[in-house]
Amino acid sequence: MVSVPIFEAKNKLPQFIHQVEEGETLGITRHGKVVAYLVGEDGLNQQSQPDKFALVMKRWRERHWDCFLTDGEESDFIPSRRKSTPRVDGDL
């Protein structure tokens, strides 16, 4: 994966789009920290749902470090980790 600052991504977007079309993933940084990814459609489709969920959870934890979900609450969002039937509206 290549990482570039936002201003460079803006100035060279057509060049980076060509790289992404060839399978590269581009991390866009602000103050040295990746804040976004530029991924081609093939790369996005190849990523499995649990991987996407893990990435979303990692980012959520980074932003909300003072909050947490229990394993049971996380399991409600990952079908492969559910031990029973999914909850329906009105169940508590």
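Student: How much of the chain is buried?

Tutor: Buried residues make up 15% of the 92 residues. Buried means under 20% relative accessible area, exposed over 50%, partly exposed in between (1.4 Å probe, protein chains only). This is a predicted model, where local features need pLDDT of at least 70, side-chain atom pairs count only at pLDDT 80 or more, and totals for chains, interfaces and linings use all residues. Residues are numbered from 1 along each chain as its sequence is written, and side-chain values use heavy atoms, with hydrogens and water left out.

Student: What pattern do the elements follow along the sequence?

Tutor: β-α-α-β-β-α-α-α. That comes to five helices and three strands. Both are DSSP runs, numbered from the N terminus: helices are H or I with at least four residues, strands are E with at least two.

Student: Which residues make up the largest nonpolar core?

Tutor: Six in all: Val4, Ala9, Phe16, Val20, Leu26 and Ile28. A nonpolar core here is a set of buried Ala, Val, Leu, Ile, Met, Phe, Trp, Tyr and Cys residues joined through side-chain atoms within 4.5 Å.

Student: What does Ala9 touch?

Tutor: Val4, Phe16 and Ile28, leaving aside neighbours within four places in sequence. Contact means heavy atoms within 4.5 Å.

Student: Switching to Thr29. Buried or exposed?

Tutor: Thr29 is buried, because its relative accessible area is 12%. Thr29 lies in strand β2. Beyond four places in sequence, Thr29 touches Ser3, Val4, Pro5, Ile6, Val34 and Val35.

Student: And where is His31?

Tutor: In the loop between β2 and β3. His31 counts as exposed, because its relative accessibility is 82%.

Student: Now pockets. How much space lies in the largest one?

Tutor: About 230 Å³. A pocket is an open set of points on a 1 Å grid over the protein atoms alone, where a 1.4 Å probe fits, with protein on both sides within 12 Å along at least five of seven lines. The volume is the space filled by probe spheres set on the points.

Student: Which residues line the largest pocket?

Tutor: Lining residues have an atom within 4 Å of a point. Among them are Lys33, Tyr37, Leu55 and Arg59. β3 (33-38) and α4 (49-63) are the elements that give two or more residues to this lining.
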